[in-house]
Structure formats: C-alpha cells, structure tokens
Amino acid sequence: MIKALFKKQMMELLYVFVRDKKSGKKRSKSSMMMYAVLYAGLCIFLGWVFYGVAKMLCAPLAAMRQEWLYFAIMALMAIAFGVFGSVFNTFSSMYQAKDNDLLLSMPIPPAKILLVRLLGVYVMGLFYEALIIVPTVIVYIMEAAPGIRSIIFSIILIFVISILILVLSCILGWLVALISVRVKNKSIITVVLSLAFFAAYYYFFSRANSMLQTFLTNSRQVGEIVKRRFWPVYHMGKAAEGNVLSMILFTAMVFVAFILVYLVLSYSFLKIATSNRGAAKAVYREKGYKKRSPDRALIYKETRRFLGSPTYMLNCGLGTVLLLILAGAAVIKAEWVRELIVQLEVLMPEVEKFIPPIVCAIVSMVASMNDITAPSISLEGKNIWILQSMPVGAWQVLKAKIKFHMIVTTVPALISLVCVDCVVGMNVLSGILTVIFVILFILLTASIGLAVNLKMPNLDWTNETVAVKQSIGVMISLFSGWVIILALGGLYFAIDRYIGADIYLVCATFIAGLGAILLLVWIKTKGTKIFANL
C-alpha cells in the first residue's frame, strides 16, 4: 500500500516529465529527454555556483585544520536552501492536496497517508540539498584529502541532513496549517511571512561576499563560538571529519527530532486536513449584492483567485513587490544614483544617452517577474467547465485574465518608473517613451503567458503548486521577458552610434506593441477555440 501511494506521490512530482498536461498522454522519449536536459542544465549551473563557494572556503580552512567548520558552514547553507525550496510545498502538499478527501475515505490509515506525504517532502528537500552538499563533499575530498572513514561519514551525512530539512520544513508547514485553520484571510498572512523570509534571505545573499571575507579572517574565533554555543552544528562538522562519537550524537539528535515531529503531525494531521474553520460559515444572512457587468465580474473572480492562493501570489506576483521596492530604493538612494551617473559621465561622456534604455530595461525586467497569466488557465483545473458554460464569450474570459495581469503589474511599474525617471533627471520626451514602452511590454508578457498556457495547460493537478511552479510553460513565460529585454538591449548597444536613444525607444515600443497585437489577435481567434475545447 505504501509503495503504491509513494509511487503516486512521485508521479505527481515528475508529472511534467512523463505526461503531456494537455492530452494526459505519455510523452514521447524525445520530449521526456528534452525536459530532463533542461532541468539537468539548471541543476548543473546551480551546482557549479555552489562548487565555487565551497572551493573558496575549503582550502583556507583545511590549511588551518578546521575542516569541520567548512563542512558545518556548507551544510547550514544546504539546510537553508533545502528548507527554502521545500517549505512552500509542504503545507499545500500535506494538508491541502485535492485528493486528501479521496484517500481519507478509503480504508487507508491516516498515518500511512501522512508517511507518504512526508516522503514526498523528503525527496523534494533532498533534491534541493544535494545541489549544495554534493559539491561540498566533492571539494572536501579534493582539498582536505580526508580518510576513508571521513568520506563515508560525509556521504552518510547527506541523508541525515536531508531528514533534518524534512523536520524543519514540516515544523514550518505545521505552524502555517495551525494558523490557517484559525484565520479567515490566511493567504495574506502566509504571503507576509513568506516575503519576510525572502527579504531576510536576499539580505544575507547580498552581503554574502563581505560576510565570507570576514568569516575567513576570523575563522578561529567563529569556530570557538560555534563549538561553545551551537554544539549540534559542531558535531555535524566533526562527524564529516570521521569522528564516530559526533556522528552518533548528531544522527541521534536528528532522528529523535524526526520522531517527535512525526508523532505531533500524526496527532494533528487528520484534524487539520479535514478542518474548514478558516472558511466562511454556512449561515444565511440577508444582504445586498453588488451587481457587476460580465467583464468586471470576471476580473473580480481573477482577483479572488489570486488573493486566495499564497502559492499563486508568491510565485507569480512577486514582481509587484519588487517594483515597489525599486521605487522606494530609487527615492532613498537618490543622491547615490546621481553621484554614480556623474562619475560615469567622467569615464564615459556619452553615458547619458544610455540612461533611458537602461531605465526601461530595469523596470521591464522586474515587471516581467509577474507571470500571473502563465498558470491562469491551468489553475481553473477540472472546474474549467464552469467558465465554459457561463453566458460569456471565451474572449471575455481570456481578456479578463490579461486585464488583471495588467492591473497588478502596470500600477507599481508606473510608480517605479516615475520615481526612477525623477531621480535620474530624464527629459519629458524620454520619460513619455519609457512609460509607453513599459506598458506595452507588460501587455506583451501577459499575452505570452496566456498564449503559452493555452498551448500547454495542466488541468489534472492535485496540488496547485504543480500548476504554478512545476510547469515548463511558466518557465518559458518568465524567461521570455528577460530574453526580449536582453535582445533589445544588445541590439541598441550594437547600433547606438547610428541612432539616438529616443528614436530607438520608438522602434522598441513599436516592436513590443506589434508583438502584443499579434499575440492578442491569435488569442482572440485560435486561442478562444483552444479554450472552448479544453
């Protein structure tokens, strides 16, 4: 039974590789190979980045006979990355999976369902952890020249640390679940907490280089502090050196923590998975209903769907937050930006003509991080027939999705653009051109996302995370905006001696507008037929 349930769980994780989302049929070997190569390339790139970090740390620490500190620091990075990669999937896959009711109605003990869900989270955490810890072990073997026992212990620690990642992910997911059943608007709370985590993560990431240099300069003092105050981390590092006692102690601590977490989860799993206390009570109260036109009603539906899903907001609406941060940073750091421009003008007198295209590129690339339309068809799921049977045209439905994307993205983009334009002192004509280009570029990316999702929908998901995150269509939509900006930017740098910035912005605006119009025509004609037949 557990084997069958675990196979189902793994098939959900690997669905994008094995099955075509639109037809539900098994992919061809060439298609599966293409997806596998794409993800393998991304993993190799990330692994190479962390290999470089490990290379910087290992040699100096090994020279000071502090190999345990090297492994401890890299393992902490792997734990943070593993939790970061799997924690957002833990709550939805364990407590909000669409097949929870079906599985709980079967003669399957809830403990076994929970165990299989935990195995799914474990595999996800192990995958993210491996991107850091495998290069860490390779560099450790190359630079520190450890003995056979150290090599064996460091490999065993890969799986022990992945259990610790599972424990931490489950604790955070369990806390979110407890809060969600007591709070009506749980989506906003989840998003706020997640954004706070993002902010802390990127703060430390931005200061990583200076922190690394400080750490290497004071590594002995840091080692003493870790040894005295963070003894589990100390024993984790010593275990990689081949210390048998440290290996036993650290492994025992991790397994005890896992057992305690499993017991708590098994006690509360059924209660939380079937609870609906955060939903509206089924008590009739007479009240007025605001009448809306079909277009406004469809946009309102998209708004409710977006605000009702933390996964959707965090993964597809992060650009809105970043645009507002960009606006605030431009105002706060205005003097620094102006001084930078003055310094660049001394080195490059012609730098002024590059300012409008650079401002356009920065704001547009941040705005392209909003890919709200990319999973919007897939998120309808098996309830898509409701929209198809309503007395509204398919074009009205699709147009509402594009309009909502435009509303959520254009407003903060314009705020950011106005702030940046004022700081850099852009002339009126360039300012107007940048505004028009950014609006048309956002329309273009919204149309790309919707067109790709119409061609590559996934309506059979059991967990909305699959539709939002584990989709090649979403990835194509996200990176297409960056590719367009990089292509336009590269073209301008190639021909800037022959054409002015304002004239090039007119040409780039025409290209973005033409691309958006062509895609909208396709969506209105062929796209509506595809939607009607889904």
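Okay, a definition to start: a residue is buried when its relative accessible area is under 20%, exposed when over 50%, and partly exposed in between, using a 1.4 Å probe and protein chains only. What we have here is a predicted model, where local features need pLDDT of at least 70 and side-chain atom pairs count only at pLDDT 80 or more, while totals for chains, interfaces and linings use all residues. Residues are numbered from 1 along each chain as its sequence is written, and side-chain values use heavy atoms, with hydrogens and water left out.

Let's talk salt bridges, meaning a side-chain nitrogen of Lys or Arg within 4 Å of a carboxyl oxygen of Asp or Glu. That rule gives seven of them.

Take Lys 238 and Glu 241, whose closest N and O atoms sit 2.9 Å apart. Lys 238 is buried at 18% relative accessible area, and Glu 241 is partly exposed at 24%.

Next up, Lys 401 pairs with Glu 302, with 2.8 Å between the closest N and O atoms. Lys 401 is in helix H19 (residues 394-424) and Glu 302 in helix H13 (residues 294-307), so this pair ties together parts 99 residues apart in sequence. By helix I mean a DSSP run of H or I, at least four residues, numbered from the N terminus. How buried are Lys 401 and Glu 302? Lys 401 has a relative accessible area of 1%, and Glu 302 has 5%.

Then there's Arg 338 with Glu 335, at 3.3 Å between the closest N and O atoms. They're three residues apart in helix H16 (residues 334-347), which means about one helical turn separates them. Arg 338 is partly exposed at 36%, whereas Glu 335 counts as exposed at 53%. And salt bridges with shared partners join Lys 301, Glu 302, Glu 380 and Lys 401 into one network.

What about disulfides, that is, pairs of cysteine sulfur atoms within 2.5 Å? The structure has zero. Cys 58 is buried at 1% relative accessibility, and so is Cys 360 at 3%.

Last stop, helix H23, residues 501-532. Its 32 residues reach 44 Å from first C-alpha to last, close to the expected 46 Å; that expectation is 1.5 Å times one less than the number of residues. Where's the kink in H23? It's centred on Lys 526, at about 45°, the bend being the angle between axes fitted to the seven residues ending there and the seven starting there.

Methods:
Helices (H or I, at least four residues) and strands (E, at least two) are DSSP runs, numbered from the N terminus. A disulfide is a pair of cysteine sulfur atoms within 2.5 Å.
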